[in-house]
Amino acid sequence: MTDKAKDFFAAFKAGKMNRRELMSGAGKLGVTAASANFMLNAAATEALAADFDWMKHKGTKLHLLLNKHPYADAMIADLDNFKKMTGMEVTYDIFPEDVYFDKVAAALSSKSTQYDAFMTGAYQTWEYGPAGWIDDLNAFIKDPAKTNPNYNWDDVLPGLRASTAWNGVPGGALGSADAKQWCIPWGFELNSITYNRKMYDKVGVQPAKNMPDLLEVSAKLTKDAGGPYGIGVRGSRSWATIHPGFLSGYSNYGQRDFTVEGGKLKAAMNTKVSKDYHKMFVKMVQDSGPKNWSTYTWYQVGTDLGAGASATIFDADILGYFMDGGDNKEKGNLGFHAFAANPDAKAPTPNVWIWSLAMNSAGKQKDPTWYFMQWASSTEHDMFGARKMDFVNPVRASVWKDGDFRDRIAKSYAGYLEQFDASSPGAKIYFTAQPLFQEVTTQWAETLQKMVAKQVAVDEGLDQLAASLDKKLKDAGLG
Amino acid sequence: MTSIAAPVRRRKILLLPYLLSLPALLVCIGILIPFVTAVYYSMLRYRLNLPYLKGFIWFGNYKEFLTDSEFWNTVRVSLEYTALTVGSELLLGLVIALLLQKQSRFNNMASILLLLPLMTAPALASLMWKLMTNPNFGVLSYLVQLMGVHNFQWASSPNSALFTVVLVDVWVYTPFIMILLLAGLRSLPTQPFEAAALDGVPRRFVFFRITLPMLTPYIITAALFRLLDAIQQFDIIYPMTQGGPGDTLLVFQVRAYLEFYQYTNVGKSAALLMILWAITYALSNVFIKQWLKLRERARGLA
């Protein structure tokens, strides 16, 4: 890279020219598109380094635990810039999601110092935090000696900041004044409908307006689409079955997992409205879901949509996004639709999953680890991922306002931004924060499986589930 | 010189037995430390994510199991799985071993080829079978459809999940039984069989009165090994179904794994594993006693 080219990209970062001028000037200097991306990000990294001693921990080696995910891919693609800026070495282990959280639990519970930071979801921190396995990151965020002045924590979407902070009190509100920041939001997904436009046109249906409509549309697609099934939702015996479409629809009917009375939790899945919702969901899977639904995880739901084996998914918006690109058979054929399950609801209420970064309490290099975490969650890296990689949905407000990012999404993923704008106002975590999250949601998924397999009636199954969970809560001193 | 050297030598001789048994002692300690730790944990109320609840509750975890329908379901499923897999594998292994008993180039080659599934890691075998039984594109799903069976859901349905995982287990482990029994069959003395052939004894009589009794120690050995393994099953069931659908396949190890790694309930997980150990110990005791009895009888006959 010539000095002239370097200065040119630095001038763009300093706001002295717009993007059109940058691209035209880069062309005149003979810079290729690929080199331009790299130089632009290198200039961003240099700008980031201007007001902060990033070299303070030069020579330190960090080791990360990562999930196989496009967010991790985006970080790895940009990692050389971090290494160059800090003089630190970063290595990582990557595991697929099926086994990822077991690996995290094994590493943290054994107080292993092997990993300095790792990817997690907010829900998991409700177990890791009270166990003392992860650190409260407020101590770092609020310390100007440790955090770069341009970090701009307030730029992270407020709902996500709140959703990753909890005071450790079972049933305590997320983001309360006394909450600990257990992790830093990195990328997130909300739940909506992604559908195959070609199949919908062929069958002559419109995206469903609500849950009863979704049952009808899915059944019609299963009957008339000529092979593909109507709707893909997750069904494995795991927490992952409950949190996406299922809980988003459930919340839209105003239902909660628990009620909190006098600091004690009580299972609330067996109300009349909840039973009616479960009946609809179960019937939808029985009539129009995949044949082997009880083994379906995120991967199967997504790949079926991308391969044209299913017509619709009620799952993460970013899952639809990924399936609408890459080498997928149905690339470019997918549409996105904000979804309010309850016919009486005014707007969608999608539950969110937030991939976040957390710090291992047993780690021995906490300050350098924080350097990595603040870089990985910086505006610069978020912008790089959003513009150049599949780091969608970004967590920073400034990135959502970025013209380049919005243009790219609008051009390649028709309807995605509209779906996001309609869904996001009601998007948040709808679970009650409590340390038995995995046990509760796994048992809930087990009950759903029994209902779909007709091993138990919905009413009876939910009464049994509530009674069993109440006992578990009581045994754990929470109920 | 001699008077000083003699006590030193005597001391060395006295210490020698202790020195020789030291490795065995160290191994024993190595085994006992985790065992005793597990016994201790099984008597605790101990969730890693609720450290303030930690306390010694003696047999509280075990008492809870007595009235817990989920626990009794685990006991039932584990025993069913064990009985079905070991029974099928013994039967199939014995039939194959009998077919391959005569030494020939084909039989030797076939016995080597039949060992291939045993060389596959069970977790990989289960993932392979998961693909083959996929209702959308699995080759086995296609074949059963050709046979007129439609919508067979393999591991995704509670009606066929146990059948599916037993099938995978049989595929992986029948060769183990087969090779043990084949070795047994080929090492049996030939005289009784020659005498029976000279006397024109029917083949069924030879099998039930000569082959089977002489082969029983081998059958017991093979059954014991498989029994201990099958009741501790994890690596086929977990990758295929995670214990589902519902609670259809929640065997001991899968449940203990979930209790520890996902629910962080150390006390309950340890108690489950101690019960599994007790069942395993009781079963192996029965089999070993039977095996010793047979050996005594064989010595008596000799």
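**Figure 1. The contact between chain A and chain B in a predicted model.** Chain A puts 28 residues into this contact, and chain B puts in 26 residues. On the side of chain A that touches chain B, at least two residues each come from helix H5 (97–109), helix H6 (122–131) and helix H21 (437–452). H21(A) gives the most to this side, with six residues. Sorted by class, the side of chain A that touches chain B holds 12 polar, nine nonpolar and seven charged residues.

**Figure 2. The largest nonpolar core of the model.** This core has 183 residues. The members that touch the most other members are A:Ala117, A:Leu357, A:Ala358, A:Phe372, B:Val165 and B:Leu181. Helix H7 of chain B, residues 161–187, supplies the largest share of the core, 13 residues. In chain A, both domain 2 (53–188 + 353–424) and domain 3 (190–351 + 427–475) give residues to this core, so the core lies between them.

**Figure 3. A:Phe372 and the residues it touches.** A:Phe372 is among the core residues that touch the most other members. Setting aside residues up to four places away in sequence, A:Phe372 touches A:Leu62, A:Phe82, A:Val90 and A:Ala117. One of these, A:Ala117, is also listed with A:Phe372 among the core residues that touch the most other members.

Figure 4. A residue is buried if 20 or more other C-beta atoms lie within 10 Å of its own. A:Gly385 has 25 C-beta neighbours inside 10 Å, so A:Gly385 counts as buried. Leaving aside its neighbours within four places in sequence, A:Gly385 is in contact with A:Ala74, A:Phe391 and A:Pro394. A:Gly187 is 198 residues apart from A:Gly385 along the chain, and the C-alpha atoms of these two residues are separated by 9.9 Å.

**Figure 5. The crossing of helices H3 and H9 in chain B.** Helix H3 covers residues 69–99 of chain B, and helix H9 covers residues 203–230 of chain B. Their axes come within 10 Å and cross at roughly 145°. The crossing of H3(B) with H9(B) is right-handed. From H3(B), the contact is made by B:Tyr81, B:Thr82, B:Thr85, B:Val86, B:Glu89 and B:Leu90. From H9(B), the contact is made by B:Ile219, B:Ala223, B:Arg226, B:Leu227 and B:Ala230. The residues of the contact of H3(B) with H9(B) comprise seven nonpolar, two polar and two charged.

Methods: Residues are numbered from 1 along each chain as its sequence is written. Chains are lettered from A and ligands numbered from 1 in the order in which they are written. This is a predicted model: local features need pLDDT of at least 70, side-chain atom pairs count only at pLDDT 80 or more; totals for chains, interfaces and linings use all residues. A nonpolar core is a set of buried Ala, Val, Leu, Ile, Met, Phe, Trp, Tyr and Cys residues joined through C-beta atoms within 7 Å. A residue is buried if 20 or more other C-beta atoms lie within 10 Å of its own, exposed if 12 or fewer, and partly exposed in between; C-beta atoms are placed from the backbone. Helices (H or I, at least four residues) and strands (E, at least two) are DSSP runs, numbered from the N terminus. Domain bounds come from an automatic or database domain assignment. Two residues are in contact if their C-beta atoms, placed from the backbone, lie within 7 Å. Ala, Val, Leu, Ile, Met, Phe, Trp, Tyr, Cys and Pro count as nonpolar, Asp, Glu, Lys and Arg as charged, and the others, Gly among them, as polar. Axes are lines fitted to C-alpha atoms, for helices over the stretch in contact, and angles run from 0 to 180 degrees between N-to-C directions. A crossing is left-handed if the near helix is turned anticlockwise from the far one by less than a right angle, and right-handed if clockwise.
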